[in-house]
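Subject: Handover of a structure and notes on its contents

Dear colleague,

Please find below the structure that I am passing on to you. My notes on it follow, arranged by topic.

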Amino acid sequence: MQIINKTSSNNQYDPVHHFDFSFADRDDIVLWIGASCGDSNQERVKDKLNICIDLEQPNSWYPDSAISRALNREKMFDKILAISEATTNTRNTQLGVQRYIYTFFPFSAKYIPTDFTKEYDIFYSGHVNPDYPLHKHIMIPVLQKFEKTHKVFVVSGRNRKHTIYANIGEIDYPTKLNLNAKSKISITYDHHYPGASRWSNKVPSINGKFGEWRKGKMGEWCSPQHKARTVEAFFTKSLALVYRDPFNIIENFCTPDKHFIYYDSKEDLQEKCEHILQNYEDPYYQNIINNAYEHAIENFTTEAFYNRYIKGL
């Protein structure tokens, strides 16, 4: 299977640079990967099935340039594999054809760590936006509290000091995963926040046309989107604490209290972190960690992704 990578970021911390499909046996398929897929200067490969993995949805429906690219993808590709259930359902209805296929976020098995010895307490990877209510009112206060007394990693992957902590700066993907594997708890969530106020203000005009947005507990707009950090927690045997949002799409693939634990507020997250760290060896928590790891190996690798969504097309 031919791979065409159109990833716009050069950040090697990003999992999109590390998808392994070398085992794929469909020579008649071209798999396009990256946020730049669908640019007006691109052409589909002739006499092949052109498939796009779109890991940005619903983040493609705010700037006009991104919307134009996303609409062009719908014309250019035979299938678009998207990590947003709402975008998949909405766009398929709008188009009148099953152009989109809703998927989980894949993980390459060759990057599964081998050392799960826990040296650190809490891990978070990804952007931290102080304007985002989940970050501002829940995650940041809890991370800052535990940072004073515990070993906490907040890894942004950017070549700069983190806005909250003096962090490690830029790291590569295997290093990030190894840090995750040495951490007892991973804090995560599976939805997208529009971010800048100009995009939040645009939501009413695009809601129902390009996806579905709902108001969260703190009045913020959000839309479902699977995150790499959730499956990375599973594969690194770090106990995943997942924010309970208006969609909870993680339940399409996983079971609460079997593969992960929900948190609902700052107080709830703080209390759960404290209890887990004090009782980490409790069979209840260890069973969740091991269940998630085995479940991920069976269901969330790039090979499972290929077999489930691509091979039979």
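Arg-26 is situated in the loop that joins strand S1 (2-5) to strand S2 (29-33). Please bear in mind, here and throughout, that this is a predicted model. The relative accessibility of Arg-26 is 15%, and the residue therefore counts as buried, since buried means under 20%. Which backbone atoms lie by the side chain of Arg-26? One is the backbone oxygen of Lys-311, which is 2.6 Å from a polar atom of that side chain. Another is the backbone oxygen of Leu-313, at 2.9 Å from a polar atom of the Arg-26 side chain.

Helix H3 comes next. The helix covers residues 133-147, which makes 15 residues. Where in H3 does a kink lie? A kink of about 40° is found at Met-139, shortly before the proline Pro-141. Met-139 is also one of the buried residues of H3.

With a threshold of 30 Å³ or more, the count is 2 cavities. The largest cavity has a volume of about 80 Å³. Its lining includes the phenylalanines Phe-104, Phe-105, Phe-234, Phe-253 and Phe-300. Also in the lining of the largest cavity are Asp-190, His-226, Lys-227, Thr-230, Val-231, Ile-250 and Cys-254. Sorted by class, these residues comprise 8 nonpolar, 2 polar and 2 charged ones.

The second largest cavity has a volume of about 30 Å³. Among the residues that line this second cavity are Pro-15, His-18, Phe-19 and Pro-106. Phe-107, Ser-108, Tyr-111 and Tyr-173 belong to the lining of the second largest cavity as well. How many charged residues does this lining have? The lining of the second largest cavity has no charged residues; 6 are nonpolar and 2 are polar.

Most residues other than glycine have a negative phi, and most peptide bonds are trans. Against that background, the peptide bond from Gln-57 to Pro-58 is cis, with omega near 10°. Pro-58 belongs to the loop between strand S3 (49-54) and helix H1 (64-76).

Two residues other than glycine may be noted for a positive phi. For Asp-47, phi is near 60°, and the residue sits in the loop between S2 and S3. Asp-47 has a relative accessibility of 80% and so counts as exposed, as exposed means over 50%. For Asn-248, phi is near 55°. Asn-248 lies in the loop between strand S12 (239-243) and strand S13 (261-263). Is Asn-248 buried or exposed? Asn-248 is buried, because its relative accessible area is 18% and the cut-off for buried is under 20%.

Finally, I list a few positions together with distances, each taken from C-alpha to C-alpha.

- Cys-52 is part of strand S3. With a relative accessible area of 0%, Cys-52 is buried. Cys-52 and Gly-38 are 14 residues apart in sequence and 9.0 Å apart in space.
- Gly-96 occupies the loop between helix H2 (85-95) and strand S5 (100-102). Its relative accessibility of 61% makes Gly-96 exposed. Gly-96 is 44 residues from Cys-52 in sequence, and the two are 19 Å apart in space.
- Ser-200 is located in helix H5 (residues 197-200). At 15% relative accessibility, this serine counts as buried. Between Ser-200 and Arg-244 there are 44 residues of separation in sequence and 20 Å in space.
- Trp-213 lies in the loop between helix H6 (203-206) and strand S10 (214-215). Trp-213 counts as buried, at 3% relative accessibility. The C-alpha atoms of Trp-213 and Ile-51 are separated by 26 Å, while the two residues are 162 residues apart along the chain.

Yours sincerely,
A colleague

Notes
Residues are numbered from 1 along each chain as its sequence is written. This is a predicted model: local features need pLDDT of at least 70, side-chain atom pairs count only at pLDDT 80 or more; totals for chains, interfaces and linings use all residues. Side-chain values use heavy atoms; hydrogens and water are left out. Helices (H or I, at least four residues) and strands (E, at least two) are DSSP runs, numbered from the N terminus. The expected span of a helix is 1.5 Å times one less than its number of residues. The bend at a residue is the angle between axes fitted to the seven residues ending there and the seven starting there. Buried means under 20% relative accessible area, exposed over 50%, partly exposed in between (1.4 Å probe, protein chains only). On a 1 Å grid over the protein atoms alone, a cavity is a set of points where a 1.4 Å probe fits but cannot get out, and a pocket is an open set with protein on both sides within 12 Å along at least five of seven lines; lining residues have an atom within 4 Å of a point. Grid points are joined across faces, edges and corners, and a volume is the space filled by probe spheres set on the points. Ala, Val, Leu, Ile, Met, Phe, Trp, Tyr, Cys and Pro count as nonpolar, Asp, Glu, Lys and Arg as charged, and the others, Gly among them, as polar. A polar contact is a pair of N or O atoms within 3.5 Å; within protein, one must be able to donate a hydrogen and the other to accept it, and residues adjacent in sequence count only if both atoms are side-chain atoms.
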